Amino acid sequence: MAARYATRWLAGVVIVIGTLAVMRYEPWHAWAAESDSEHLERVREQLTVGFLPVTCHLTCPVTDYASRKSKEFRYDAQRFNDFPTVAESMKSGRLEATFMTVPLAMKLREQGLPVKIVYLGHRDGSTVMVRPDLSIRGLEDLKGRRFAIPSKYSNQFLVIRKLMVDRGIDPASIDFVELPPPDMPGALAAKAIDAYFVGEPFPAKAELSGEGRILYHVKDIWPGFISCALVVHERLIHERPNVVANLVRSIAESGEWAETHRLEAAHVASPYFRQDEAIVRHVLTSPPGRVSYRMLSPSDADLQLIQDMALETGMLDKPVPLSELLDRRFIPRDIAQRDIVPELARNQTPAAD
């Protein structure tokens with residue numbers, strides 16, 4: 001009998017000691033935190049936004065990063081490598097908001113897809129790169145050469161075509177090929193192409209490695225150049241206008257923050273781009289006006305110029321009424337900076353494809 005009581009007593013002591021040991025670590029805090037996290041994911045509005053790893057789209061990953069702590073809206077930046085895949089994702093309904101080239105948005109609208117341009121992504125920020133071993137000093141020297149562009153529905157293609165016409169160069173004299181932007185520096189280094197024109201940081205990557213040479217910054221041949229815009233499906237506007245309004249404001253505020261926090265913006269965006277931070281930093285600072293995130297309200301004059309060029313080159317078959325393409329009601333009158341703490345950027349993780 002005494003042995004039985006002794007055994008029970010020892011078991012009780014073990015249980016008490018074990019309980020005290022567990023309580024020492026206050027596990028209820030972890031349970032509460034997990035519960036709060038699950039609650040946050042359930043109650044806040046969420047939206048996936050497409051982007052390519054180019055600084056024309058930098059405000060998308062910055063907005064993703066900034067929204068992680070928001071209690072109301074969460075924007076998940078989904079990385080793509082090429083615009084055809086972005087277009088197909090919009091057509092299939094897998095994506096309702098994305099950054100894409102303005103001519104591509106016009107083409108989708110012409111084809112009957114109800115998309116709207118609600119904001120611009122940037123100004124300038126594209127560069128023409130050439131092989132350093134070739135004596136190319138101007139567009140005339142690219143005759144007979146292979147020239148890569150991100151898409152036949154890109155403003156980069158329109159700019160080069162316009163420049164060729166202005167200089168009396170036959171557009172057929174250059175062999176234009178479409179390549180995903182991430183593939184361009186490697187193709188130039190391998191001499192599979194002779195030149196390319198694309199948004200940063202892929203020109204800077206070749207510039208810093210010595211495997212490419214700058215021929216033109218786009219701001220020198222088309223000041224205030226626009227390549228990409230924030231495009232949303234009309235269904236999203238009708239069903240979740242509050243999300244669209246907050247998204248546009250968030251993108252605008254991210255751009256204002258990036259303008260005055262360029263080093264921090266490079267730190268935040270480089271994991272999303274899967275690029276060396278030094279390359280993105282170079283783009284945002286050398287020179288500082290290489291790309292801009294201000295003056296991003298789309299004007300009729302901006303888009304009419306692009307449309308006229310697209311019609312002239314055969315990129316579009318018919319005019320797209322700007323009243324059907326543009327929706328400016330979500331653009332905020334006053335743009336403040338996002339509340340982003342640079343130190344927190346060290347804890348971020350890259351976006352998944």
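Visitor: Does Arg-123 count as buried or exposed, and at what relative accessibility?

Guide: Buried means under 20% relative accessible area, exposed over 50%, and partly exposed in between (1.4 Å probe, protein chains only). Arg-123 counts as buried, at 11% relative accessibility. This is a predicted model, in which local features need pLDDT of at least 70 and side-chain atom pairs count only at pLDDT 80 or more, while totals for chains, interfaces and linings use all residues. Residues are numbered from 1 along each chain as its sequence is written, and side-chain values use heavy atoms, with hydrogens and water left out.

Visitor: With which residue does Arg-123 form a salt bridge?

Guide: Side chains of opposite charge can pair when their charged atoms come close. A salt bridge is a side-chain nitrogen of Lys or Arg within 4 Å of a carboxyl oxygen of Asp or Glu. The partner of Arg-123 is Asp-302, with the closest N and O atoms 3.0 Å apart. Asp-302 belongs to helix H14 (residues 300-313) and Arg-123 to strand E5 (residues 123-124), so the pair ties together parts 179 residues apart in sequence. Helices (H or I, at least four residues) and strands (E, at least two) are DSSP runs, numbered from the N terminus.

Visitor: How many salt bridges does the structure hold?

Guide: The structure holds 26 salt bridges. One of them joins Glu-45 to Arg-240, at 3.0 Å between the closest N and O atoms. Glu-45 is partly exposed, with a relative accessible area of 29%.

Visitor: Which residues are linked in a network of salt bridges?

Guide: Such a network links Arg-131, Asp-133, Arg-145, Lys-191 and Asp-194.
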